[in-house]
Amino acid sequence: MNSRGFSRNTLIGLLLTGLSSLVILQMVHIQNSSQHQELSRWADEEFSFAIENYYPERGNIYDRWGRLLAGSEDVYEVGVMLQYVANPVSIASTLQGVNDMEYENILAVAGKEYDPKKSIYAVITDFLPSGVIDVLSEIKQDYEIENPYGRNEKKPSLRGLIWIPHLKRSYPENTLASNVLGFYSFRDRQEGIGYYGVEEYYDNILAGTPMETYMPRNPYLLEGLPEVPAGASLVLTIDREIQAMVEKKLDEAVEEHEAESATAIVMDPRNGEILAMATMPRINLNEYWKTQSQFKDNTPYNRAISETYEPGSVYKVLTMAAAFDSGTVDEETKYYDSGRFEYGGSVILNWNRRGNGEQTMQGCMQKSLNVCLAWVATELGKEDFYNYMQAFGIGKLTNIDLGGEEIWPLSIPGDSDWYPIQLATNSFGQGVAVTPVQLATAISAVANDGKMMKPHVLKAIIQNGQQYTTAPQVLSVPIKPETARKMTQMLVKSLKNESSAALVEGISVAGKTGTAEIPVDGVYGTEETNASFVGWGPAENPQFLVYVWIERPKSSPWGSIVAAPLFRDIVQELVHYLNIPDETVQWQLMAKEGLE
Amino acid sequence: MAKKRKQAYKQTPWRRQLRSLGLSLIPVIAIAVVASLHLIISARSATAGLQIMEMHYDEEEILRQIANQRTELGWITSYREMQKRAKKLGYAVIPPEELYYIQIPGYKGKSSVLIAPPPGIDSGHTPLINDFYQVSLFDWFSDTFLITGSPSSGVQK
């Protein structure tokens with residue numbers, strides 16, 4: 001009985017063991033077969049990992065008080081998963097009119113044939129706001145309830161229609177400071193780059209580093225995913241309120257004087273911070289693709305840094321500063337103005353073609369005498385004159401942190417394009433070309449005790465959760481502090497003596513007008529001019545420098561009539577934004593402090 | 001006699017069968033326990049992996065929403081919108097002659113905007129898990145019993 005039982009059990013055991021062994025053997029066989037290895041490799045390649053591209057969020061741009069100038073907005077790409085499209089007609093009729101799309105075009109995309117190798121997904125449109133997607137989502141759900149899985153071909157269905165969110169560059173201020181900001185070509189999602197201004201200059205910093213990574217589909221292998229840091233954000237020196245005010249004043253001036261354009265720069269001469277930089281035309285940065293149609297005939301995107309022009313009499317500030325600094329002239333120096341000055345085989349005349357008799361240097365600047373300044377330059381000597389001009393940065397890039405800065409090279413003695421007469425003409429801003437930012441920077445040395453600060457628009461960078469503030473840089477020290485103060489006092493007096501339209505009630509300002517004839521085919525004397533004014537204040541402790549340039553005004557060609565009032569209008573409001581009380585209030589406050 | 005005593009101590013067959021069955025089941029149970037543990041841990045790690053993936057997508061969405069809302073706020077508080085709102089509420093630009101300045105002792109004017117802390121300031125991040133709980137038994141053993149008696153301490157003597 002026992003031996004029979006044992007043998008039966010043994011038999012069953014052996015049978016089961018044999019069967020199990022066969023199963024295991026077959027498993028081992030399959031695992032090691034060449035087909036398995038091939039299949040395994042294919043599965044590994046196709047399905048175990050997915051290559052994912054991470055595009056970091058582009059950094060924001062803020063004004064100096066943290067007001068957003070450029071950010072990112074949530075938008076959607078809308079497309080169809082061709083395999084699941086049940087009713088292309090209802091997709092076309094639902095999306096018709098969205099983003100100006102036409103029915104036929106949508107139908108052509110939604111009706112594409114599904115091909116697992118070539119055609120799985122097709123884009124219908126992009127950059128749809130979340131509001132439109134909410135509506136689409138509701139319609140899709142309603143259709144799905146009425147017609148589950150889109151089985152009934154006669155009933156509408158949006159099956160297969162999907163939307164993928166992504167970020168888009170957005171400029172809440174539209175046109176404000178557009179010439180400074182530049183733009184990011186967000187419509188090109190893969191290859192978008194920054195053009196002009198801050199967006200171009202700081203493109204790499206703003207963009208961050210896109211990352212391509214292998215994403216395991218096997219959850220066992222998912223230990224952590226790459227952190228893609230967002231691009232750095234920038235805090236600019238621009239003050240939104242001042243920028244808006246300056247743009248408004250420029251627009252009004254252009255309209256009033258029927259000018260071609262106007263440009264203004266407001267900077268802090270103490271550190272080179274640009275508080276406002278306005279010019280025209282300005283574009284709505286959210287529609288950057290219209291740039292070409294608005295900037296015709298090689299019009300620069302930002303005239304303040306890219307358009308060179310002959311500045312005219314505002315340049316006399318540099319000539320006189322150089323002469324004072326070198327000791328060539330002083331307050332007592334007298335010059336007899338006959339109205340003519342012959343030099344290098346040519347004759348220099350005053351702007352009104354008249355002589356003014358004996359003049360001090362104060363008188364020369366006040367009456368803006370070309371003849372006197374030409375004499376001053378020749379007394380200074382060509383070597384010193386051009387050394388000073390180079391120290392003021394004429395002919396050199398200021399290296400302002402904006403994309404697209406241009407210069408016109410300064411011709412100096414020894415150059416093939418330099419002639420002796422240029423020493424005389426250059427002294428009053430003729431035969432020399434500068435950009436507004438170049439001249440504003442040069443003259444800021446006079447407003448800042450002789451120190452010329454590098455103009456810049458970046459105040460701070462926010463990277464990896466920390467804010468790094470930039471330090472101001474000295475470009476050069478072309479003149480001594482005493483010279484700078486003397487020049488400032490001289491130009492304060494000049495404005496007061498001539499009762500200039502640039503005078504601001506209660507604020508002591510120094511400044512100089514400029515009217516430069518625009519040469520046509522190398523000939524001066526046309527009625528077209530560049531009218532400009534540069535001024536700074538308060539004279540005792542300059543906190544702002546304003547440079548305005550009106551191109552081809554029709555109401556009057558003169559800087560004193562066209563540009564000086566614009567300067568005054570800007571400064572009148574600017575002082576309130578900068579909390580600079582007028583002199584009377586300042587005296588009262590000081591007296592009160594003294595009593596206490 | 002001796003044979004009889006030996007027989008007296010012999011266990012009953014059902015007990016012996018039970019013992020051999022028990023002995024043969026031990027490895028099976030051990031394997032089952034190990035397999036169960038493996039399955040439980042695998043399942044949990046797979047769940048954790050999937051959660052990581054989900055949280056990653058959630059994080060992406062949250063970051064997108066933050067960026068979007070920040071920009072929306074930018075639109076709402078843009079210069080033009082604020083001007084419109086101010087006008088609607090009856091505000092007007094103050095004429096210069098109506099401006100009144102007062103001196104506030106110690107006030108140095110509006111300070112620069114700080115959107116993020118400057119470098120050098122502790123951001124306040126503390127590790128989620130205490131270091132004590134991250135030390136392996138081996139590290140603890142070597143730190144406590146081996147390094148204490150290391151040659152370096154002898155050198156100091």
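# Reading a model by its definitions

Mentor: Pro281(A) is found in the loop between strand 11 (273-278) and helix 10 (291-294) of chain A. This is a predicted model, in which local features need pLDDT of at least 70 and side-chain atom pairs count only at pLDDT 80 or more, while totals for chains, interfaces and linings use all residues. Residues are numbered from 1 along each chain as its sequence is written, and chains are lettered from A and ligands numbered from 1 in the order in which they are written.

Trainee: What makes a run of residues a helix or a strand?

Mentor: Both are DSSP runs numbered from the N terminus, a helix being H or I with at least four residues and a strand being E with at least two.

Trainee: Is the peptide bond from Met280(A) to Pro281(A) cis or trans?

Mentor: The bond from Met280(A) to Pro281(A) has omega near 0° and is cis. The bond from Gly537(A) to Pro538(A), with omega near -15°, is cis too, and Pro538(A) has its place in the loop between strand 21 (529-537) and strand 22 (544-551) of chain A. As background, most peptide bonds are trans, and most residues other than glycine have a negative phi.

Trainee: Which residues is Ile120(A) in contact with, leaving aside its neighbours within four places in sequence?

Mentor: Two residues are in contact if their C-beta atoms, placed from the backbone, lie within 7 Å, and by that test Ile120(A) is in contact with Met81(A), Leu82(A) and Gln83(A), apart from its neighbours within four places. Ile120(A) itself belongs to the loop between helix 4 (103-110) and strand 4 (121-129) of chain A.

Trainee: How do you know that chain A is more spread out than a compact globule?

Mentor: Chain A has 20 helices and 22 strands. Its radius of gyration is 36 Å, well over the 25 Å that the globule rule gives for 596 residues, so chain A is more spread out than a compact globule; the radius is taken over C-alpha atoms, and the rule is 2.2 Å times the number of residues to the power 0.38. The C-alpha atoms of chain A fill a box of roughly 145 × 65 × 60 Å along the principal axes. Buried residues still make up 46% of chain A, whereas the figure for the 157 residues of chain B is 4%. Chain B has five helices and zero strands.

Trainee: What makes a set of residues a nonpolar core?

Mentor: The members must be buried Ala, Val, Leu, Ile, Met, Phe, Trp, Tyr or Cys residues joined through C-beta atoms within 7 Å. The largest such core has 141 residues, of which Ala264(A), Val266(A), Ile443(A), Val509(A) and Val548(A) touch the most other members. Helix 19 of chain A gives the largest share of this core, nine residues. A second, separate core has 18 residues, including Tyr76(A) and Leu128(A).

Trainee: How many residues does each chain bring to the contact between chain A and chain B?

Mentor: Chain A brings 39 residues and chain B brings 32 residues. On the side of chain A that touches chain B, the largest share, five residues, comes from strand 3 of chain A. By class, that side has 18 nonpolar, twelve polar and nine charged residues, where Ala, Val, Leu, Ile, Met, Phe, Trp, Tyr, Cys and Pro count as nonpolar, Asp, Glu, Lys and Arg as charged, and the others, Gly among them, as polar.

Methods:
Buried ≥ 20, exposed ≤ 12 C-beta atoms within 10 Å, placed from the backbone.
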